[in-house]
Amino acid sequence: MYRGTAKLTEPCIMGHEFIGEVVALGANFHSSSTGRPHLYSTLHVGDKVVSPFTVSCGECHFCRVGFTCRCVESRLFGTPLTPGGQAQYTRVPRAGGTLYNLQDIPDGSLLADSSLLLLCDILPTGVFAAFQALSHAKTLPFTTRQPYPLSASPPQMGDVSFLPFLEEDKSLTMAVIGLGPVGVCTCIALLDMLVTRKLKFNVIAIDTNEARRAKMASIYSIIGNQQFGEFQVADASNVKELVADLTKGVGCNAVLEVVGNTSALRLAYELVRPFGCINSVGVHSDHAVPYKGVELYDKNVSLDFGRCPVRAMFPMALELLLKRQDVLGSVGGETSLVEKIASFDDAVQIYDDFDKGKCGKVLFDPFK
Ligand SMILES: NC(=O)c1ccc[n+]([C@@H]2O[C@H](COP(=O)([O-])OP(=O)(O)OC[C@H]3O[C@@H](n4cnc5c(N)ncnc54)[C@H](O)[C@@H]3O)[C@@H](O)[C@H]2O)c1
Ligand SMILES: [Zn+2]
């Protein structure tokens with residue numbers, strides 16, 4: 001939006017991440033509401049809520065199956081049609097399906113208020129990128145230690161005649177391109193999933209910006225667990241050689257693209273191994289995808305793109321938020337994801353600084 005790729009032609013209230021307190025409810029909210037998302041009968045004035053960055057009704061086909069970002073009623077907050085949350089008051093359409101009531105969180109008191117804002121978008125998006133990569137059919141041989149396609153579908157009959165995996169076949173090598181706030185959340189989520197599942201791994205986190213690499217390295221210094229794998233930050237300029245060295249020239253199993261430009265997409269292709277996948281959550285403009293069909297065919301590369309279904313990813317993101325209050329719940333420290341909480345008076349400067357990569361995640365307090 002700020003960089004102009006969304007081609008906005010009229011002023012609008014920005015902000016697609018917001019938390020708040022319910023001050024008024026629409027006529028559809030009443031205790032006898034049935035057959036609808038439960039918030040229609042349980043949400044009250046005074047409840048604290050988190051809003052995903054898009055509206056999802058909770059009632060259509062896409063919402064019912066968990067693809068909430070593609071709800072037929074979907075709207076993006078912070079656009080002319082749906083004014084955003086950088087304001088004292090915000091109207092939430094289809095709120096019974098969209099909102100998450102913080103009263104429903106059992107350990108909610110353990111969560112810093114500032115960290116709740118991360119649930120609106122960037123933390124679920126990081127969890128989504130990591131989850132998509134680790135649950136992809138092409139990654140399963142490395143998480144199950146079974147060759148493809150037995151990794152997804154155990155044989156009912158017949159002989160399995162593959163040779164056993166060598167040590168080098170058991171390790172997952174993954175790259176995360178882009179270490180802005182979403183890329184950092186992606187690394188935190190990915191490392192948590194890999195360590196929890198006791199998988200052997202190598203993760204390379206890449207950014208062209210030195211300060212962004214330094215922030216990620218500081219965060220890793222407190223969340224790292226070297227027991228199962230290795231993690232390193234790298235500049236984009238020498239990363240191809242690094243990945244080649246680490247994998248004997250084979251490449252990454254999966255590359256998570258968290259930038260949103262064609263140079264990052266191209267780098268992802270160069271780093272991914274044959275039969276690997278590129279999981280892109282970067283928001284792309286109308287530039288063509290920088291690969292020819294033949295390049296994708298000749299490497300059997302899977303491309304996975306798009307918006308995070310935040311409302312569906314909420315429980316996984318919440319669990320991670322509770323676990324990682326050390327990084328996600330603090331403000332302003334060397335190892336904090338959130339750099340500061342600012343007033344709207346400073347917004348012009350902060351938007352400019354963020355655009356130039358001079359600062360990281362900043363929250364606005366509309367009452368400051
Ligand atoms: N899919 C979704 O639902 C979703 C949700 C939230 C954000 N996003 C998108 O995720 C992306 C990242 O968001 P952010 O807030 O972290 O943005 P950001 O601009 O702060 O971070 C992008 C980072 O990528 C780095 N970079 C740029 N080109 C690079 C390259 N060729 N190689 C390596 N690094 C490169 C930049 O230095 C920067 O640190 C954006 O495109 C954003 O719109 C998508
Ligand atoms: Zn829906």
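Before I describe any packing, let me say how helices are compared here: axes are lines fitted to C-alpha atoms, for helices over the stretch in contact, and angles run from 0 to 180 degrees between N-to-C directions. Helices (H or I, at least four residues) and strands (E, at least two) are DSSP runs, numbered from the N terminus.

What you see above is a predicted model, in which local features need pLDDT of at least 70 and side-chain atom pairs count only at pLDDT 80 or more, while totals for chains, interfaces and linings use all residues. Residues are numbered from 1 along each chain as its sequence is written, and chains are lettered from A and ligands numbered from 1 in the order in which they are written.

With that in place, I can turn to α5 and helix α12, residues 310-323, which pack at an angle of about 95 degrees with their axes 8 Å apart. That makes α5 roughly perpendicular to α12, since angles of 65 to 115 degrees count as roughly perpendicular, those under 35 as roughly parallel, those over 145 as roughly antiparallel and the rest as oblique. On the α5 side the meeting residues are Leu 123, Pro 124, Val 127, Phe 128 and Phe 131, and on the α12 side they include Val 310, Met 313 and Phe 314; two residues are in contact if their C-beta atoms, placed from the backbone, lie within 7 Å. By class, this contact of α5 with α12 has 12 nonpolar, no polar and no charged residues, where Ala, Val, Leu, Ile, Met, Phe, Trp, Tyr, Cys and Pro count as nonpolar, Asp, Glu, Lys and Arg as charged, and the others, Gly among them, as polar.

How do α5 and α7 cross? Their axes come within 7 Å and cross at roughly 50 degrees, and that makes α5 oblique to α7.

Now the ligand. Ligand 1 is surrounded by 29 residues, the closest being Gly 178, Gly 180, Gly 260, Val 283 and Cys 308; a residue is near a molecule if its C-beta atom, placed from the backbone, lies within 6 Å of it. The elements that give two or more residues to this shell are α5 (122-134), α7 (181-196) and α10 (262-271).

Finally, two local details of the backbone. Most residues other than glycine have a negative phi, and most peptide bonds are trans. Tyr 148 and Pro 149, however, are joined by a cis peptide bond with omega about 0 degrees, and Pro 149 lies in the loop between α6 (140-144) and β4 (172-177). Arg 94, for its part, has a positive phi near 50 degrees, and Arg 94 is found in the loop between α2 (61-64) and α3 (95-98).
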